[in-house]
Amino acid sequence: MDNLVIIEEVAITIKDVYDTFNAEFYSNLEELGNLKNIKRIKMDSENLHWQFIETIIPSYVATLGDDSQLDKEVFSQLEMRYDFRYRVKLRETVFSKINYNIGRHRYVSKVLNNFFGSRVILPKIENEQSELNELLRSLSEKRIVSRYYTRSDGNYRATHCYFQSDNRYFPWELPIRDKSREKQNQFEHVRHVQERKTQKVGSQNV
């Protein structure tokens, strides 16, 4: 099947699940009025808006991991049809990431953007970068994708898409990767995680 057709199907599917899940989660949040635009809130322990966001994170992650709250059947169908994978971050991983970034003047939406993370791996998609950009521009205009960019870092390369229907909501992420580069991408990801852990330990020893 055509790569661009697959990407469009995957993006629309994720957006549908995203909207359903978040409409339910945030409608049950008693203090929804206290939430502000997370693109403008820095992760600072003295920031009252961040303090409130931090209190809802355990519930958000737990609800994502609840099979009765997240429609995982549609994702299972994508896994069977394509080289598609997804995961929900573990609570321990989330708070490790928070501890690493707290007080570094970073915005919530830049750091906590993949509680739900997925990826689709396609053959020779890098050869279609111009067409991919055009598709994602169209999906962005239709408010299916909130933003996208191509990340090239060392040997890592992928086009990352984000879903966020409300600036108060946590985004979800979809990297689009080329099959020929997947081993390099996995290696670079592991290297990045280890590097972050080393930096964290080093900062604690200063």
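Guide: Contact here means heavy atoms within 4.5 Å. This is a predicted model, in which local features need pLDDT of at least 70, side-chain atom pairs count only at pLDDT 80 or more, and totals for chains, interfaces and linings use all residues. Residues are numbered from 1 along each chain as its sequence is written, and side-chain values use heavy atoms, with hydrogens and water left out.

Visitor: Which residues is Lys-72 in contact with, leaving aside its neighbours within four places in sequence?

Guide: Leu-64, Gly-65, Asp-67 and Tyr-86. Lys-72 sits in the loop between α2 and α3 (73-81).

Visitor: How many helices and strands does the protein have?

Guide: Helices (H or I, at least four residues) and strands (E, at least two) are DSSP runs, numbered from the N terminus. The protein has seven helices and five strands, in the order α-α-α-β-α-α-β-α-β-β-β-α.

Visitor: How are two packed helices described?

Guide: By the angle between their axes and the distance between the axes. Axes are lines fitted to C-alpha atoms, for helices over the stretch in contact, and angles run from 0 to 180 degrees between N-to-C directions. For helix α1 (residues 3-27) and helix α2 (residues 48-64), the axes come within 11 Å and cross at roughly 140°. α1 is therefore oblique to α2; angles under 35 degrees count as roughly parallel, over 145 as roughly antiparallel, 65 to 115 as roughly perpendicular and the rest as oblique.

Visitor: Which residues of α1 and α2 meet?

Guide: Phe-21, Asn-22, Phe-25 and Tyr-26 in α1 meet Ile-56, Ser-59, Tyr-60, Thr-63 and Leu-64 in α2. The residues of this contact comprise six nonpolar, three polar and no charged. Ala, Val, Leu, Ile, Met, Phe, Trp, Tyr, Cys and Pro count as nonpolar, Asp, Glu, Lys and Arg as charged, and the others, Gly among them, as polar.

Visitor: Is Asn-114 buried or exposed?

Guide: Buried means under 20% relative accessible area, exposed over 50%, and partly exposed in between (1.4 Å probe, protein chains only). Asn-114 is buried because its relative accessible area is 10%. Asn-114 lies in the loop between α5 (108-111) and β2 (116-122). Beyond its neighbours within four places in sequence, Asn-114 is in contact with Arg-87, Lys-89, Lys-97, Pro-171 and Glu-173.

Visitor: What percentage of the residues in the protein is buried?

Guide: Buried residues account for 41% of the 206 residues.
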